[in-house]
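Hi everyone, thanks for making time for this.

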Amino acid sequence: MFELFADSTPNARKISIMLEEINESYDLTLINLNKGEQFNEEFKKISPFSKIPVLRHNKKTIFESGAILIYLADLSGEFYGSNQSLTTQWLMAQMGYIGPMLGQHHQFHHYNPGKSDFGEDRYFKISETIYKNLDDHLSINEYLANEYSIADIATFPWIARHPIHDIGLNKYINLLRWYNQISLRPAVLKGYDLFEDGSIPPPA
Ligand SMILES: N[C@@H](CCC(=O)N[C@@H](CS)C(=O)NCC(=O)O)C(=O)O
């Protein structure tokens, strides 16, 4: 049995999507970030940096969304792709670059506009470049690694925040094709809306 500690965020959605993809049922425990519940002492025991998501499976707990995805791919034998090294490279690119950079773009451009021209400009440009680099790669590849994998599952919920990026997903036709294709998967539709408070944003 699985228990997912989460809120409605891109990193948490990676795990609910993966659990749906591998057909595992799970209990959801809301860690309400707006109320600061991630800082509760009890939660810190299973999440050393006070971050969601965390997955409990049997008596084990696992933190860090990339590590959780690898754990679930190993356990199920699914979605690690035919070339695990390639899948890991794209997964790590999401964990170390795409997610953190888009996350900073959210902070400067969407949540705190006007506080730092430098921050707004820097992370807008980096995010635009990420869209362009992904678009180039997807112009000759159907998915990030050879086939649909945990690398796509990790990246999709971040691109799904495109309405607040103001970059224009529609301009990147290969990224848009990938986005639309993944949006249609029943597991993605269900896993994305984990707390039934927000479905996948349509392309714009
Ligand atoms: N590298 C971590 C990042 C986790 C993360 O930043 N989670 C955010 C939500 S998406 C969070 O818990 N934020 C609460 C906070 O920073 O106080 C992972 O991928 O699991």
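Let me start with a definition: a salt bridge here is a side-chain nitrogen of Lys or Arg within 4 Å of a carboxyl oxygen of Asp or Glu. Keep that in mind, and keep in mind too that this is a predicted model.

How much area do domain 1 and domain 2 bury between them? About 1,100 Å², with 75% of it on carbon and sulfur atoms. On the domain 1 side, Pro 10, Lys 14 and Glu 21 lose the most area to domain 2, and together they account for 43% of what that side buries.

Across the interface of domain 1 and domain 2, the rule finds 1 salt bridge.

Over the whole structure, the search finds 6 salt bridges. One of them joins the side chains of Arg 56 and Glu 3, at 3.1 Å from N to O. Arg 56 sits in strand 3 and Glu 3 in strand 1, residues 2–6, so this pair ties together parts that are 53 residues apart in sequence.

While we are around strand 3, have a look at the loop that leads from helix 2 (41–44) to strand 3 (54–57), where Pro 53 is found. The peptide bond from Ile 52 to Pro 53 is cis, with omega near 5°. Ser 50 is in the loop between helix 2 and strand 3 as well, and its phi is near 60°, a positive value in a residue other than glycine. If you check backbone torsions, those are two to look up.

On to helix packing. Two packed helices are described by the angle between their axes and the distance between the axes.

Helix 4 (residues 84–111) and helix 6 (residues 150–159) pack at an angle of about 10°, with axes 9 Å apart. That makes helix 4 roughly parallel to helix 6. Helix 4 contributes residues including Trp 90, Leu 91, Ile 98 and Leu 102, while helix 6 brings Ala 154, Trp 158 and Ile 159, among others. By class, this contact has 9 nonpolar, 6 polar and no charged residues.

What about helix 5 (residues 117–140) and helix 8 (residues 173–183): at what angle do their axes cross? Roughly 75°, and the axes come within 7 Å. That makes helix 5 roughly perpendicular to helix 8. Here Tyr 131, Leu 134, Asp 135, Leu 138 and Ser 139 of helix 5 meet Ile 173, Asn 174, Leu 175, Arg 177 and Trp 178 of helix 8. The classes come out as 6 nonpolar, 2 polar and 2 charged residues.

Technical notes. Residues are numbered from 1 along each chain as its sequence is written. This is a predicted model: local features need pLDDT of at least 70, side-chain atom pairs count only at pLDDT 80 or more; totals for chains, interfaces and linings use all residues. Side-chain values use heavy atoms; hydrogens and water are left out. Axes are lines fitted to C-alpha atoms, for helices over the stretch in contact, and angles run from 0 to 180 degrees between N-to-C directions. Helices (H or I, at least four residues) and strands (E, at least two) are DSSP runs, numbered from the N terminus. Angles under 35 degrees count as roughly parallel, over 145 as roughly antiparallel, 65 to 115 as roughly perpendicular and the rest as oblique. Contact means heavy atoms within 4.5 Å. Ala, Val, Leu, Ile, Met, Phe, Trp, Tyr, Cys and Pro count as nonpolar, Asp, Glu, Lys and Arg as charged, and the others, Gly among them, as polar. Buried area is the accessible area (1.4 Å probe) that two parts lose on being put together, summed over both.
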